[in-house]
Structures are given as C-alpha cells and as structure tokens.
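Here's a quick walk through one structure, helix by helix and residue by residue. Have the viewer open and follow along.

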Amino acid sequence: MSVENNSATILARSNNLYVLTTSFFAFSFLEIIAEYLKSDIAIWILKPFLLPILIVLYFITSKDRSSLYMSALVLNWLANLFFMSKEATFFVVASFCFICYRVLILIKVYKEIKIPTFSILLGSIPFLFIF
C-alpha cells in the first residue's frame with residue numbers, strides 16, 4: 001500500500017514540476033515577445049509571475065535550499081515590480097532592492113566558490129554599480 005502512495009506522490013510531483021516548468025517557459029517566452037512589441041499591458045500582466053514560479057521551482061526541486069538565494073530572488077522580484085512603475089520613488093526603491101539582490105548573489109557565490117578574497121572583491125566591484 002505504501003508503494004502505491006509513494007508512486008502516486010512521485011507522479012504528482014513530476015506532474016507539478018512539468019506544469020511549473022512549462023508555465024515558466026511559456027510566461028518567459030510571452031514576456032520576451034511583449035518586451036519586443038513594447039506592450040505595456042502584457043508586460044504588466046506577465047512579468048510579475050516569472051520569479052515567483054522560479055522560486056517555487058527552486059523550492060520544490062532543490063535538496064539543499066539556500067535561504068540566501070531565495071531572499072535574493074525575492075529582492076529581484078520586488079525590484080522588477082518596482083522598476084515597472086514610472087514614479088521616481090519606486091525607481092529608488094527598485095534600485096535599492098536590485099543592489100541588495102546583487103550583494104546577496106555575490107555573497108552566495110563567495111560562499112560556494114573558494115577563490116581568494118581579494119580576487120572576488122576586486123572582481124565584484126563593477127557588478128555592484130552596473131545594472
């Protein structure tokens with residue numbers, strides 16, 4: 001009986017992964033087309049879904065979940081949402097979120113890759129300011 005439950009769980013999980021992955025690529029493709037066509041309405045509808053789907057995919061598929069990486073993705077998502085607005089206040093908030101996202105990604109890379117500290121700090125400086 002537990003073998004049947006386990007098989008059903010695996011099948012449901014793989015089906016969920018298929019739906020999420022397909023949704024992510026479909027939303028991405030449509031968002032790229034919307035950006036190319038400069039369709040603000042389509043961009044406003046599609047863009048907010050991209051990173052939440054990616055976050056859920058990462059949470060479901062990863063065995064070693066990094067809260068640092070997930071926090072970075074959430075900050076990137078917030079930055080994308082705020083960058084969609086034309087107001088100066090939102091632009092400042094979006095820039096702050098994006099810089100924090102970059103810093104978290106640099107910390108994550110630094111933790112994962114063993115490179116001399118000076119080299120990674122020197123090489124990271126341009127990425128903190130250029131976006």
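## Ile53 and its neighbours

Let's start with Ile53, which sits in helix H2. Its relative accessibility is 11%, so Ile53 counts as buried, the cut-off being under 20%. What does Ile53 touch, leaving aside residues up to four places away in sequence? The list is Leu20, Ser23, Phe24 and Phe27.

Take Leu20 from that list: Ile53 and Leu20 are 33 residues apart along the chain, while their C-alpha atoms are separated by 6.6 Å.

## The overall picture

Keep in mind that this is a predicted model. The protein has 5 helices and 0 strands, and reading along the sequence gives the pattern α-α-α-α-α.

There are 131 residues in the protein, and 24% of them count as buried. As for contacts, take those between residues at least 6 apart in sequence: 55% of them join residues at least 24 apart.

Helix H1 covers residues 2–37, and Tyr18 is part of it. Is Tyr18 buried or exposed? Its relative accessibility is 58%, and exposed means over 50%, so Tyr18 counts as exposed. Tyr18 pairs up in space with Leu57: the two are 39 residues apart in sequence and 10.0 Å apart from C-alpha to C-alpha.

Moving on, Lys38 lies in the loop between H1 and H2. Most residues other than glycine have a negative phi. Lys38 has a positive one, with phi near 60°. Lys38 also counts as exposed, because its relative accessibility is 69%.

## H2 against H3

Two packed helices are described by the angle between their axes and the distance between the axes. For H2 and H3, the angle is about 175° and the axes are 9 Å apart. An angle over 145 degrees counts as roughly antiparallel, so that is how H2 and H3 run relative to each other. On the H2 side, the contact is made by Lys47, Pro48, Leu51, Pro52, Leu54, Ile55, Tyr58 and Phe59. H3 brings Tyr69, Met70, Leu73, Val74, Asn76, Trp77, Asn80 and Leu81. Sorted by class, the residues of this H2 and H3 contact come out as 13 nonpolar, 2 polar and 1 charged.

Ser62 is in the loop between helix H2 (40–61) and H3. With a relative accessible area of 15%, Ser62 is buried. Where does the side chain of Ser62 reach? To the backbone oxygen of Asp64, at 3.0 Å.

## H3 against H4

Next up is the pairing of helix H3 (residues 67–83) with H4, which pack at an angle of about 155° with their axes 8 Å apart. That angle makes H3 roughly antiparallel to H4. The crossing of H3 past H4 is left-handed. By class, the contact of H3 with H4 has 19 nonpolar, 3 polar and 2 charged residues.

Helix H4 spans residues 88–112 and includes Ile107. Ile107 counts as partly exposed because its relative accessibility is 34%.

Is Lys108 buried or exposed? Lys108 is buried: its relative accessible area is 19%, and buried means under 20%. Leaving out residues up to four places away in sequence, Lys108 touches Ser66, Leu68 and Tyr69. Phe98 is another residue found in H4. At 13% relative accessibility, Phe98 counts as buried. Phe98 and Ala72 are 26 residues apart along the chain, and their C-alpha atoms are separated by 8.9 Å.

Key:
Residues are numbered from 1 along each chain as its sequence is written. This is a predicted model: local features need pLDDT of at least 70, side-chain atom pairs count only at pLDDT 80 or more; totals for chains, interfaces and linings use all residues. Side-chain values use heavy atoms; hydrogens and water are left out. Helices (H or I, at least four residues) and strands (E, at least two) are DSSP runs, numbered from the N terminus. Buried means under 20% relative accessible area, exposed over 50%, partly exposed in between (1.4 Å probe, protein chains only). Axes are lines fitted to C-alpha atoms, for helices over the stretch in contact, and angles run from 0 to 180 degrees between N-to-C directions. Angles under 35 degrees count as roughly parallel, over 145 as roughly antiparallel, 65 to 115 as roughly perpendicular and the rest as oblique. A crossing is left-handed if the near helix is turned anticlockwise from the far one by less than a right angle, and right-handed if clockwise. Ala, Val, Leu, Ile, Met, Phe, Trp, Tyr, Cys and Pro count as nonpolar, Asp, Glu, Lys and Arg as charged, and the others, Gly among them, as polar. A polar contact is a pair of N or O atoms within 3.5 Å; within protein, one must be able to donate a hydrogen and the other to accept it, and residues adjacent in sequence count only if both atoms are side-chain atoms. Contact means heavy atoms within 4.5 Å.
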